[in-house]
Amino acid sequence: MKSAVITFPGSNCDRDMDVALKKFGFKNKMVWHQDVELPKSDLVVLPGGFSYGDYLRCGSMASKSKIMQSVINFANSGGMVMGICNGFQILVETGLVPGVLLRNKYLEFICKNVFVKISNKNNAYFKNINNNILELHIAHNEGNYFCTNDQLKKIEDNAQVAINYCNNEGKIEELFNPNGSVKNIAGIFNKEKNVLGMMPHPERMIDPSLSGEDGSLFFKNLINNLK
Amino acid sequence: MIVNKKIAIDHGLKEDEYKKICQLLKRTPNITELGIFSAMWNEHCSYKSSRLHLKKLPTKGKQVIQGPGENAGVVDIGDNDAIVFKIESHNHPSFIEPYQGAATGVGGIMRDVFTMGARPIANLNSIHFGSTQHKKTKNLLRGVVHGIGGYGNCMGVPTVAGQTSFDSSYNGNILVNAMTLGLVKKDKIFYSKAAGLDKPVIYVGSKTGRDGIHGASMASASFDDKIEEKKPTVQVGDPFTEKLLLEACLELMEGDSIIAIQDMGAAGLTSSSIEMASKGNLGIEINLNKVPCRETKMTPYEIMLSESQERMLIVLENGKEDQAKKIFDKWNLDFAIIGKTTNSKKIELFFDKEKVADIPVNTLVENSPMYDRKWKKAKLPKKNKINKDDINNLKIIEVLKKVLANPNICSKEWIWQQYDHTVMGDTIQKPGGDSGVVRVHGTNKAVAASVDSSAVYCWAHPLTGGKQVVCESFRNLISVGAKPIAITNCLNFGSPENEENMGEFVECVQGIGEASSYLKFPVVSGNVSFYNQTKDQGIKPTPSIGGVGLIKDYSKMITMDFKEVDNVVLVIGKTEGHIDQSLFARVILNEKNGPPPEINLFNEKNNGETLLKLIDANLIKSAHDISLGGIITAISKMCIKGNKGINLKKPKYLISEIEYFFAEDQGRYIVEISKKDQKKVLDILNKNAVHYDELGTINENMLLLNEKTKVTIDELKGFNTRWLKDYMSS
């Protein structure tokens, strides 16, 4: 399986993602933001970081960058595109996934482990995964997912919610919402489910010495689904 | 503008110093030259009051590749890998503008590290605030934490450990010390020594603006009532540009085109160009019209003294300019050839075709003032006579709850959750432990780092306090299974012109020197911050020690959380019941006098090295050093982290339970071992003549002394974790 990770000048989780993808069997290529064409890939990843500094709305400049037009075309033709953290912010700015990401409710950067419940397994990302709840890691300042009521209705009607913040037993309640996201939404699909944006970083959970190993489950399952 | 004595004094120079400048130049300096002298001769850049004493610190060791004098220290960790590290203060700017002050402190220290060719792999910080009752404290804390996070998070460097304290002596002068570790190949280290004639001098990074002009001079002055007026001297940080600068510099460093490189930190273009010339025994010629400026009509004076961030100065090999420029173009950074090296041994500046400065480099560096300041030796305070009946009537659990919720003991999760501590995917011990630990990417090795200070002990007796901080750093590294290698120090003190403050400095440095020499734990980098005072009141002497150690096989790393019910818990090291200057004495007894706990360097070394042997033999399940709050505080933290309890029994000592549990004797650790290993462990301890107490066994969820004296771990956890969050949201 071939993957490509886009490196923007301020990306800082690009290497971590490269390490993770390779660990689970992807042949990964790094793609520079000023490139025009994507290499032939089964999966394109927009990694975490601060793309162009994010002094403007997070991800907004990146969404207009050279390589992004190719990523958008790739996604629109059914290619798998996954945006993590800043990558999710870029995805909402391109409109590939609905909604926006606001500043965290308590106005603070937050870095910690969280639990998320998988809401939809009927897609190439989560199909066949044994667990319903994953322990993942978040590290962001703008992860407060917001959308209008109309949008939310459409999202729910199309089963576009991917994961929700919850507790270790899978309870989705405000108490376990780290950033104020609407309905505890931590990740969301496009209508066709080939594009996934999510705040948690599975690439930081791929080794028992790190924060945990549920990221390994995610990547192992992902590559098997793509085979 | 014609320079005169008054203008010189306004620049922070003393009358004698101005006279000396005129003598050295054999004429009156012009305003640009005066600015350059004032920047190079202020305390922050010249170390004029501290140099004499810093010389006495041990700086060499088997693993030391580079000691003080470069952008940062470098130590060997084997396999052609080296760690570059340093700590630096950004105290004054952080008090005036906490967000930017702290952010640019973090940016500055990272630049010091990647200037040497190392990719930063871990950040730490030591931050000290006024009383929690003081009206400014909350906003300063919030601003500093946001600033540290804002910069480090954007750079993608994990912040893995730190220290926070509150003490009213910082009410008008907080401390923000930032530390960075970087990883470099031993044969790819870059230095700041220029070499060769007619080599191009290159300016890269951000453009130069009017921000931060005279920042270094501000850092060398005391605060008064007009401090708000100093806001324009605080630099503004741009972490995104620094990230670009980091990647561009590392890319350029892959080749062989750099002769010397130096970041523009304090005193900007002035100190960077002069340091490179001075180390290479060369001259430098700069055309200031070529310096990329952010604002119009900047004068030579402003260009030379600006402290705009995210800039570097490079001496390049001839003919490599185009290749280098391509890299900086790729990263969208300014690149300008602004001058060349010369054999004049002078710094010569040109602007609008006129020579605007012409100063022999040695007058700025070697001939800079050095003072043997007067200082007062501190007396060891008399021991307090504590009324045993008073303390023996105290209820241990009630005291413990108060201690755990004390601002200086409580969990700092509110702070470190705002720092990205897991980016780079190698953080194997997060903040909240004895040291932060990061793996050396792609290897079995890991590097441990901690930062410590004990201002109260240093204040009570600077010599003992200086020793203690080094020992505590040593212990924090050993507690995670790391072999201590070297330290960096950030020496925060009051005015060197005040004999008592100067005495605190001299004796703390002496203590640091004695301990680091004995423990073979040399000082490889550091920084001095004087004039931490408001009006005439100095802060408590606060040397911050950043320690670095190596874990050869990270599968042997130790954490402090209790692991398994029925395991046995030991105290390593002897408890004499030293209560003076303990947190217990200050908070519970309201007693501020008396000597700090004594340091026995033999025991310190022996206990630590024996524990390392036990760890190496896989006999230790968890470990934690005993510091503020004594044995029971350390035990409680291990219980809270591991979600386990303990059946405690006080050994049959002459001292009382309260003394035993809250004393702050030094050189001690708590360790957890399994029952089956107990004999082996005790044999090793006995063989090495290490004193130990058997403290108890681990249970499910209760800290239990006897049926009347017990508390659930959940309850203790509440006291420990809630305080800071509640404080910040109240």
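1. In this predicted model, helix α20 (residues 499-518) of chain B lies across β17, β18 and β21 of chain B, at about 175 degrees to β17(B). Axes are lines fitted to C-alpha atoms, for helices over the stretch in contact, with angles from 0 to 180 degrees between N-to-C directions; contact requires C-beta atoms, placed from the backbone, within 7 Å. Helices (H or I, at least four residues) and strands (E, at least two) are DSSP runs numbered from the N terminus.

2. A further helix, α19 (residues 462-479) of chain B, lies across β16, β17 (483-492) and β21 (542-551) of chain B, and its direction makes about 30 degrees with that of β21(B).

3. The model is predicted, so local features need pLDDT of at least 70 and side-chain atom pairs count only at pLDDT 80 or more, whereas totals for chains, interfaces and linings use all residues. Residues are numbered from 1 along each chain as its sequence is written, while chains are lettered from A and ligands numbered from 1 in the order in which they are written.

4. The open sheet in chain B has six strands in the order β14-β15-β16-β21-β17-β18, with mixed pairing; two strands pair if DSSP finds at least two bridges between them. β14 (427-429) and β18 (523-529) of chain B are the edge strands, each with a single partner, so one side of each has no neighbour in the sheet. From one strand to the next, the twist averages 20 degrees.

5. Within chain B, strands β15 (residues 436-439) and β16 (residues 446-452) run antiparallel and are joined by four bridges. The bridge partner of R439(B) in β16(B) is A446(B).

6. Strand β26 (residues 692-699) of chain B is joined by five bridges to β22 (residues 568-572) of chain B, antiparallel, with V571(B) opposite D693(B). Four bridges link β24 (residues 645-648) of chain B to β26(B), also antiparallel, and N647(B) stands opposite T697(B).

7. Between the chains, 21 residues of chain A are in contact with 20 residues of chain B. On the chain A side, α1 (14-23), β6 (110-118) and β7 (133-140) each supply at least two residues, and the largest share, three residues, comes from β6(A). The chain A side divides into nine nonpolar, seven polar and five charged residues; Ala, Val, Leu, Ile, Met, Phe, Trp, Tyr, Cys and Pro count as nonpolar, Asp, Glu, Lys and Arg as charged, and the others, Gly among them, as polar.

Technical notes:
Contact = placed C-beta atoms within 7 Å.
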